[in-house]
Amino acid sequence: MPEVRIIAKNFMDMVASMPAMKLDKLYENGFICEAILRSLPPLAKKYIIQMLQIDVPVAAKLLEEWVLPDGVSKHRVAIDRLVQLRVFLEAVDRKNEKTYKVNPTYQRSLQKLLVQGGTLPRESMPSNITVRLPTLENLEAYALEQWECFLLQLISPTQVDKPLNISSSLMKVFQRRLLSHRDKELPKLTESGFQFLLMDTNAQLWYIIREYISNSEERGVDAAELISFMLELSFHVIGEAYSINTLTDFQRSIINDLADLGLVKLQQGRKGSWFIPTKLATNLSMSLSDSSARKQGFVVVETNFRVYAYSTSKLHCEILRLFSRVEYQLPNLIVGAITKESLYNAFENGITADQIVTFLQQNAHPRVADRIPSVPENVTDQIRLWEADLNRVEMTDAYYYDEFPSRDVFEGACDCAREWNGLLWEDSKKMHMVVKTEVHPYVRDYLRRQK
């Protein structure tokens, strides 16, 4: 789904948008530096490792010699990303030539981490103090249950048996782009809300964390400190117990919210209390492509458009209602049908045929997951045909670019737009391109740097 990649990048965009002083303060933590390194494109990672022991500025022309001719556009995207994150500091030498140097704070922290190894600010608690810690299987089940409960409370509070302790003000922050509120009417899912529910768990997590951080200032919370704690948390060991007493007052206030989201599990014993990171927490320092391991599916779709979902989850039932007609529900089975009317309703709410097909494929039951295709072709073709009936003409807000100074700049701009999944059209002969409106600022910033 196209939204996923943009969400993942936006998390690091928040890091890049921070003031230079706060960013340098953030880079004093070696684990933050490693998390940044993990998020970068492969070529950018290569540049950091190559320049890590170089203390003097390196000419931009010299860096360009490190790549083959067909990699020039990827080189520009990599450099642009490093400059945005202040990992590379850009300057001009006496000859008026552009140079790059690794941010000294980032450089020292990463050097120390690689040479000496990192030490987290807290050690796991001994087993004689913590008793009856959950197994990894139980911990994963807990995280999934908490996350599903959160999502259900987010979109359909009346369906939740045990509501979470998330404050109403914080829940409104999460809901503001996913639900529309009108006077004397129940909240309704927006187009973004429908698309959000069809994303995989890791993509949903990135979205919620992004909203949580972007609104931190309104709650009187320092965004830099919040990002630092969350990325630091991602390097803890899954299933190990860490004392609550090792946290600052600020971190203690955050840990309760993270427990509600399923990122950590809180426990209390006779001699103290502790938190246990789950897999969701460790995924925070990884890219979506690294962290999106395939989960066991639950959906079987037949050639007659019947849908069988082997699940006890109320959330799964609510998701299936988005694009199918649920006919009846047994304790561990949901039975429904994909109809023209149910799909038209989904399309009108902003869900696309590709999103529905992708959801069915990604959540295919193990008995059909290995089939090719896992969802019958007549079903996927018909879903797309019904969408085509409604969307004969599609309107997309966009920006048109022409008059590029050189082919290298044109190709670099195209690659920048592709990197953000926003390139709609290009004419390589005439050097013209069209990009999505939301990607325009990134392409514009890239072009400004080429002057």
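Close-up 1. At 19% relative accessibility, methionine 431 counts as buried, where buried means under 20% relative accessible area, exposed means over 50% and partly exposed lies in between, computed with a 1.4 Å probe on protein chains only. This is a predicted model, in which local features need pLDDT of at least 70 and side-chain atom pairs count only at pLDDT 80 or more, whereas totals for chains, interfaces and linings use all residues. Residues are numbered from 1 along each chain as its sequence is written, and side-chain values use heavy atoms, with hydrogens and water left out. Methionine 431 is found in the loop between E14 and strand E15 (432–436), helices (H or I, at least four residues) and strands (E, at least two) being DSSP runs numbered from the N terminus. Its phi is positive, about 55°, although methionine 431 is not a glycine. Asparagine 421, in the loop between H21 and strand E14 (423–427), has a phi near 60°, again a positive value in a residue other than glycine. With a relative accessibility of 31%, asparagine 421 counts as partly exposed.

**Close-up 2. The packing of helix H21 against helix H22.** Two packed helices are described by the angle between their axes and the distance between the axes. Helix H21 (residues 407–419) and helix H22 (residues 440–449) pack at an angle of about 150°, and their axes are 9 Å apart. That makes H21 roughly antiparallel to H22, since angles over 145 degrees count as roughly antiparallel, those under 35 as roughly parallel, those from 65 to 115 as roughly perpendicular and the rest as oblique. Axes here are lines fitted to C-alpha atoms, for helices over the stretch in contact, and angles run from 0 to 180 degrees between N-to-C directions. On the H21 side, Asp408, Val409, Gly412, Ala413, Cys416 and Ala417 meet Tyr442, Val443, Tyr446 and Leu447 of H22, contact meaning heavy atoms within 4.5 Å. By class, the contact of H21 with H22 has 8 nonpolar, 1 polar and 1 charged residues; Ala, Val, Leu, Ile, Met, Phe, Trp, Tyr, Cys and Pro count as nonpolar, Asp, Glu, Lys and Arg as charged, and the others, Gly among them, as polar.

**Close-up 3. The packing of helix H11 against helix H12.** Helix H11 (residues 201–214) packs with helix H12 (residues 223–233) at an angle of about 150°, the two axes being 9 Å apart. The residues that meet are Ile209, Tyr212 and Ile213 from H11 and Ala223, Leu226, Ile227 and Met230 from H12. In this contact of H11 with H12, 7 residues are nonpolar, with no polar and no charged residues.

Close-up 4. The structure holds 0 disulfides, a disulfide being a pair of cysteine sulfur atoms within 2.5 Å. Cysteine 149 is in no disulfide, and the nearest cysteine sulfur, that of cysteine 317, is 16 Å away. The sulfur of cysteine 416 is 9.9 Å from the closest cysteine sulfur, in cysteine 414, which is too far for a bond. Cysteine 149 counts as buried at 18% relative accessibility, and cysteine 416 counts as buried at 4%.

**Close-up 5. Tyrosine 27 and its surroundings.** Tyrosine 27 is placed in the loop between helix H2 (20–26) and helix H3 (30–39), where, at 0% relative accessibility, tyrosine 27 counts as buried. Leaving aside neighbours within four places in sequence, tyrosine 27 is in contact with Val15, Cys33, Ile36, Leu85, Arg86, Val87, Asn103, Thr105, Tyr106 and Ser109.

Close-up 6. Proline 405 lies in the loop between strand E13 (398–401) and H21, and is exposed, with a relative accessible area of 70%.

**Close-up 7. Glutamate 387 in helix H20.** Glutamate 387, which lies in helix H20, counts as buried at 17% relative accessibility. Not counting residues up to four places away in sequence, glutamate 387 touches Phe347, Thr352 and Ala353.
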